[in-house]
Amino acid sequence: MDIILSLSNVSKSYGNVPVLKGIDLNIKKGEFVAILGSNGAGKTTLVKIMSTLSSPSAGVVEIGGHNVADDPASVRSMIGVISHETYLYNDLTAEENLRFFGKMYGISAENLEGRIGELLEQVELSGRSDDRVATFSRGMKQRLSIARSLIHEPSILFLDEPYTGLDQHANRTFENVLQDLDPKDTTRLMVTHDVTRTFQMCNRVIILDNGRIVFDSPMSAVVSADELKDIYISNVSSHSSI
């Protein structure tokens with residue numbers, strides 16, 4: 001399988017405080033990777049660097065063969081980001097939000113309208129397409145955020161604590177959308193505290209502790225969610241609950 005994401009000796013410090021310490025990581029095309037770790041382990045910082053929202057203090061990040069530092073525009077066209085921040089415009093309607101982001105990614109008008117309709121149906125918001133996002137519940141905003149992240153059919157999808165604030169309906173919709181993604185087209189990397197979902201959904205698990213990768217394994221080598229929890233506890237210095 002081809003390597004779609006590569007990190008070489010990536011470090012990040014804020015002032016004199018090191019957050020990431022020499023991360024080396026290769027993600028293969030089509031993988032669904034979970035990153036586990038206690039609060040302060042560096043998970044969100046790592047995702048921000050990989051998704052071009054932050055720059056490393058040292059090291060090299062490549063996505064799809066493009067150096068993130070040298071060619072951020074090409075990298076951004078390949079990635080989607082879902083987090084607890086929706087990145088939506090409250091004064092625009094659901095349809096207008098997706099149209100704005102679609103145009104930003106250079107999707108032709110000929111293809112964009114069909115893509116908008118398809119995604120609104122997929123996240124079960126077709127009936128609210130003309131309503132301003134300001135009128136949406138938190139769960140509805142998160143569902144629209146999922147559509148936003150997929151509008152340009154990204155090659156790699158970053159999921160930073162995507163279940164935060166989701167209601168039951170949004171949870172179900174989100175998991176259905178993830179399951180419908182073809183691994184031949186979309187690589188997924190998810191930061192989460194949910195061991196059960198990690199075990200059920202992902203095919204590789206990475207544990208980050210104190211800015212370093214301390215465990216990296218295919219999920220096929222893990223017998224159960226309980227075993228994964230034990231592995232987590234034995235590898236994190238804080239022994240934080242998950």
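This is a chat about the predicted model shown above.

Colleague: Before we start, what are the ground rules for this model?
Modeller: It's a predicted model, where local features need pLDDT of at least 70 and side-chain atom pairs count only at pLDDT 80 or more, while totals for chains, interfaces and linings use all residues. Residues are numbered from 1 along each chain as its sequence is written, and side-chain values use heavy atoms, with hydrogens and water left out.

Colleague: OK, how many helices and strands are in the protein chain?
Modeller: Eight helices and ten strands. Those are DSSP runs, numbered from the N terminus: helices are H or I with at least four residues, strands are E with at least two.

Colleague: And what's the radius of gyration of the protein chain?
Modeller: 18 Å, which agrees with the value near 18 Å that a compact globule of 242 residues would have. That's taken over C-alpha atoms, and the globule rule is 2.2 Å times the number of residues to the power 0.38. The C-alpha trace spans about 50 × 40 × 35 Å along its principal axes.

Colleague: What share of the residues counts as buried?
Modeller: 49% of the 242. Buried means under 20% relative accessible area, exposed is over 50%, and partly exposed is in between, using a 1.4 Å probe and protein chains only.

Colleague: What about contacts, how much comes from residues 24 or more positions apart?
Modeller: Such pairs make up 70% of the contacts with a separation of 6 or more. A contact here is heavy atoms within 4.5 Å.

Colleague: Let's go inside. Which residues have the most contacts in the largest nonpolar core?
Modeller: Leu144, Leu159, Phe174 and Leu178, in a core of 45 residues. Helix α5, residues 138-150, gives the most to this core, with five residues. By nonpolar core I mean a set of buried Ala, Val, Leu, Ile, Met, Phe, Trp, Tyr and Cys residues joined through side-chain atoms within 4.5 Å.

Colleague: What does leucine 144 touch?
Modeller: Leaving out residues up to four places away in sequence, leucine 144 touches Leu88, Ala94, Asn97, Leu98, Leu120, Leu125, Val133 and Phe136. There's also a second, separate core of 27 residues, with Ile63, Ile79, Val81 and Ile206 among them.

Colleague: Switching topic: where is glutamate 153 found?
Modeller: In the loop between α5 and β7 (156-160). Glutamate 153 has a positive phi of about 50° although it is not a glycine.

Colleague: Is that residue buried or exposed?
Modeller: Glutamate 153 is exposed, with a relative accessible area of 60%. Glutamate 161 also has a positive phi, about 45°, without being a glycine, but glutamate 161 is buried at 17%. Its place is in the loop between β7 and α6 (168-180).

Colleague: And threonine 45, which helix is that in?
Modeller: Helix α1, residues 43-50. Threonine 45 is buried, with a relative accessible area of 12%. Not counting residues up to four places away in sequence, threonine 45 touches Lys12, Tyr14, Val19 and Leu20.
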